[in-house]
Amino acid sequence: GFDPTEDEFAAGELRTNAEKAKRELSKRSKTAILVRSNGKTTRVSIDRATFEGAIKPKIDTTLTLIRSVLRDAKLEAGHIDRVLLIGGPTRMPLVHQSLVNFFNLQPDATVNPDEAVAIGAAIVSAKKFAELKPEEVTQVIAEKVAGLQISDVTSHSLGIEASVPGTTQLINSILIKRNSPLPASISKEFTTTIPDQRSIKVTIYQGEFQDPKLCNPIGDFLLAGLPPNRPPGRKVRVTVECGTDGVVTVSATDIESGKQAETKVSYKVGQSKQQVSARQRWLDAKPIS
C-alpha cells in the first residue's frame with residue numbers, strides 16, 4: 001500500500017538492498033529484501049528462478065551481440081578457445097551457464113572480474129606514458145607494454161538519412177562503416193530533391209541497417225539559407241569525422257552557394273532495442289558459417 005520510490009531515502013535504501021540481494025542470489029537459491037517507507041515495513045522474498053527470469057532478456061541480448069561479433073569475424077563458437085569473464089554480473093550462475101552452453105567450454109575467471117577493466121585501463125595508460133616519457137618508465141613496464149598494439153575503431157556504423165533516388169523511401173546512408181580505424185573522415189555528395197529547396201535537415205544515425213527506424217538517431221542540424229528558385233538535383237557534400245574521443249563532427253556544404261552548417265555528437269550510444277531485435281531476427285534466420 002505504499003510506493004518506496006516516492007521517498008528519496010527509502011528509494012536509496014531499496015536500491016542498496018536490491019544490489020545485496022542480487023549478489024546473494026549468485027550463491028543462494030532464495031533471499032529477502034526489506035522495504036521501509038512512510039513508517040511501514042514489508043519483507044519481499046525473491047528466489048533465483050524469479051530473478052533469472054527477470055534478467056533473461058539481457059542475457060539473450062548479450063548472446064545476440066556475441067553471435068554478431070562471431071559473424072563479423074567469420075568465426076564459429078567452436079573456434080574460440082578462451083572466454084574471459086569481465087564485470088561482477090559474470091558471477092551470476094545464469095550468465096556462466098549461458099556461456100558454457102554457447103561456447104561448450106568453461107569460461108576463464110582467473111582475472112578478478114571487478115578489476116579486469118581497471119587493469120586494462122592501467123595497461124593502456126602505461127603504454128601511453130611510455131610513449132610520452134620513455135626516460136621515466138621502468139624496464140619491467142617498458143618490456144610489458146612495448147609490443148602492445150592498441151587501436152580504436154568505431155563500434156557502430158554512422159550514416160545520414162537520405163532518400164532513394166526517384167522515390168520518397170528514406171534510408172540510412174552509411175558513410176563510416178563499423179570497425180573503421182579512428183580517427184576517420186568520409187565525405188559523400190547528395191542532391192536536393194524538390195524545386196526551390198531553401199533548407200536541408202541532416203539527421204545522423206548510428207546503426208547497421210538500411211531502415212532508419214532500426215537505427216539510433218544521435219543528432220541533427222539544418223543547412224538553411226540556400227539560394228531560391230533552384231531546380232532539384234543541386235549537390236550537397238556531407239562530411240562525417242570521428243575522433244578517438246567519441247566525438248563525431250558532421251558538416252554539410254552546399255556546393256553551388258558555399259553555405260555550410262555542422263554539428264557535433266557522440267557515437268558512443270550503443271544499440272537501440274529495435275536494432276538488437278532486428279539483428280536477432282536476422283541472425284536467427286542466417287546460421288553462422
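Select β3 (158-163) and β4 (170-176). The two strands pair in the antiparallel sense, over six bridges. Two strands count as paired if DSSP finds at least two bridges between them. Strands are DSSP runs of E of at least two residues, helices are runs of H or I of at least four, and both are numbered from the N terminus.

This is a predicted model, in which local features need pLDDT of at least 70 and side-chain atom pairs count only at pLDDT 80 or more, while totals for chains, interfaces and linings use all residues. Residues are numbered from 1 along each chain as its sequence is written, and side-chain values use heavy atoms, with hydrogens and water left out.

Stay on the hairpin. Pick S163: its bridge partner in β4 is L170. Six residues lie between the strands of this hairpin, and G166 takes a positive phi near 80°.

Three bridges join β6 to β3, and the two run antiparallel. Click G159 to find Y205 of β6 opposite.

Next, the largest pocket. Its space comes to about 590 Å³. Of the 23 residues in the lining, E161, A162, S163, T191 and T193 are the closest to the centre. A pocket here is an open set of points on a 1 Å grid over the protein atoms alone, with a 1.4 Å probe and with protein on both sides within 12 Å along at least five of seven lines; lining residues have an atom within 4 Å of a point. The volume is the space filled by probe spheres set on the points. Colour it by type: eleven are nonpolar, nine polar and three charged.

Follow β5 and β8 into an open sheet of four strands, ordered β5-β8-β9-β10 with antiparallel pairing. β5 (184-191) and β10 (260-266) stand at the edges with a single partner strand each, so one side of each has no neighbour in the sheet. From one strand to the next, the twist averages 15°. Zoom in on β9 (residues 247-254), which seven bridges join to β10. Within this pair, S251 has E262 of β10 as its bridge partner.

Last stop: D81. Look in the loop between α2 (48-72) and α3 (93-103). D81 is exposed, at a relative accessible area of 72%; exposed means over 50% with a 1.4 Å probe, protein chains only. Draw a distance to L105, 24 residues apart from D81 along the chain: their C-alpha atoms are separated by 7.9 Å.

How values were computed: Axes fitted to C-alpha atoms, helices over the stretch in contact; angles between N-to-C directions. Buried < 20%, exposed > 50% of the residue type's maximum accessible area, 1.4 Å probe, protein only. Nonpolar A, V, L, I, M, F, W, Y, C, P; charged D, E, K, R; others polar.
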